[in-house]
Amino acid sequence: MYHFFVSGEQIGADSVIITGSDVNHMKNVLRMHPGEEILVSSGSGEDYRCRIERLTSQAVEAAILFKEEDTTELPGRLVLYQGLPKSDKMEWIIQKAVELGAYRIVPVETKRTVVKLDAKKEESKRRRWQAVSESAAKQSGRRIIPEISPVTGFAQALKEAGKMDMALIPFEHQEGMKETKEILQKIQPGMTVGIFIGPEGGFEEEEITAAREMGAVPITLGRRILRTETAGMAVLSVLMFQLEN
C-alpha cells in the first residue's frame, strides 16, 4: 500500500486532501485511480487508511476509512548526533537511521570534521537530507518524518543531550563489553537517548572528556573499529531490539 505524508490541516473529520508534488506522482507515475486505498500519515504519529475519491491536477481527495491503531514507532526517542562525514555518506546514514527508528538526526561539527558548510550550502544540504528522511520514512512505514536538525557544534550538542535520560558515546579505546551490555539494558521504553558518533577519525580525547563531564556514557562496540557510517547503525540496531523486546 502506498504511503503519503500530509500536514495536520490537510486532515478533516472524514477526508484528507493531498497537495504538492505527491499529486503528480500519484497521477502520472503511480497512475492511481479513485477507489484505491492508501495510507496517510500526519507526520506527528497518526496514520489513516484512506480511499481515493477524486484526483485533479492540483489535489487528491481521499475518504478516511479508519484510523490505524498499530504503531511502527519505537517506544522511546533515539536522537543520533552524527559527526559530519565526507562526501555524501550523510544521506546513507540518514536513510538507514530512519529505517531503524531514529526520532531525530543532528549533524554535528567536531574537531576532526573535515566538511565545512557555509550557510547557503548547509541549507541546501539540509533540504536534501530532509527529503531523504521523508523517503525513508515512507519506505519503512514510519508514522513520523524524523527531523534533520541544523548543523550543531559539539558543545551545543552535548548541552542538548544533557537534558535527556541517557547519552551514549561509542569510543574505540573504551573496553568492557559486559559493562556496555549492562548499560544498554538500562534503556527502557519511554526514555530519550542521545547517541554520539564521531566523523572519520573519531573523537579527540578532550571531546570524550567533555562528554563524560556532561554525563554521557562511553561504550564499546567490540574489538573491531567501525566506520562512522557503520557505528551509528550498530547502536541503533541494538537499541531497537532492546526497546521492542
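The exercises below use this predicted model.

**Exercise 1. Get an overview of the protein chain.**

Task: Find how many helices and strands the protein chain has, and what its C-alpha trace spans along the principal axes.

Solution: 
- Step 1: Start with the elements: the protein chain has seven helices and twelve strands.
- Step 2: Next, the extent: the C-alpha trace spans about 60 × 40 × 30 Å along its principal axes.
- Step 3: Now look at burial: of the 245 residues in the protein chain, 46% are buried.
- Step 4: Finally, take the contacts with a separation of 6 or more: 75% of them join residues 24 or more positions apart.

**Exercise 2. Check the span of helix α7.**

Task: Work out what span helix α7 should have, and compare it with the distance between its end C-alpha atoms.

Solution: 
- Step 1: Helix α7 covers residues 228-244, which is 17 residues.
- Step 2: The expected span is 1.5 Å times one less than the number of residues, so helix α7 should span 24 Å.
- Step 3: The end C-alpha atoms of helix α7 are 25 Å apart, which agrees.
- Step 4: Now see which side faces inward: the buried residues of α7 include Ala231, Val235, Leu236, Leu239 and Leu243.
- Step 5: The partners of the buried residues of α7 are β6 (77-83), α2 (89-99), β10 (166-170), α5 (177-185) and β11 (192-197).

**Exercise 3. Describe the surroundings of Asp47.**

Task: Decide whether Asp47 is buried or exposed, and find which side chains make polar contacts with the side chain of Asp47.

Solution: 
- Step 1: Asp47 sits in strand β4 (residues 47-55).
- Step 2: Its relative accessibility is 5%; buried means under 20%, so Asp47 counts as buried.
- Step 3: The side chain of Asp47 has a polar contact of 2.5 Å with that of Ser41, and one of 3.2 Å with that of Arg143.
- Step 4: Setting aside neighbours within four places in sequence, the residues in contact with Asp47 include Leu39, Lys67 and Glu68.

Key: Residues numbered from 1 in each chain as written. Predicted model: local features only at pLDDT ≥ 70, side-chain atom pairs only at ≥ 80, totals over all residues. Heavy atoms only, no water. Helix = DSSP H or I, 4+ residues; strand = E, 2+ residues; numbered from the N terminus. Buried < 20%, exposed > 50% of the residue type's maximum accessible area, 1.4 Å probe, protein only. Contact = heavy atoms within 4.5 Å. Polar contact = N/O pair within 3.5 Å; in protein donor to acceptor, adjacent residues only side chain to side chain.
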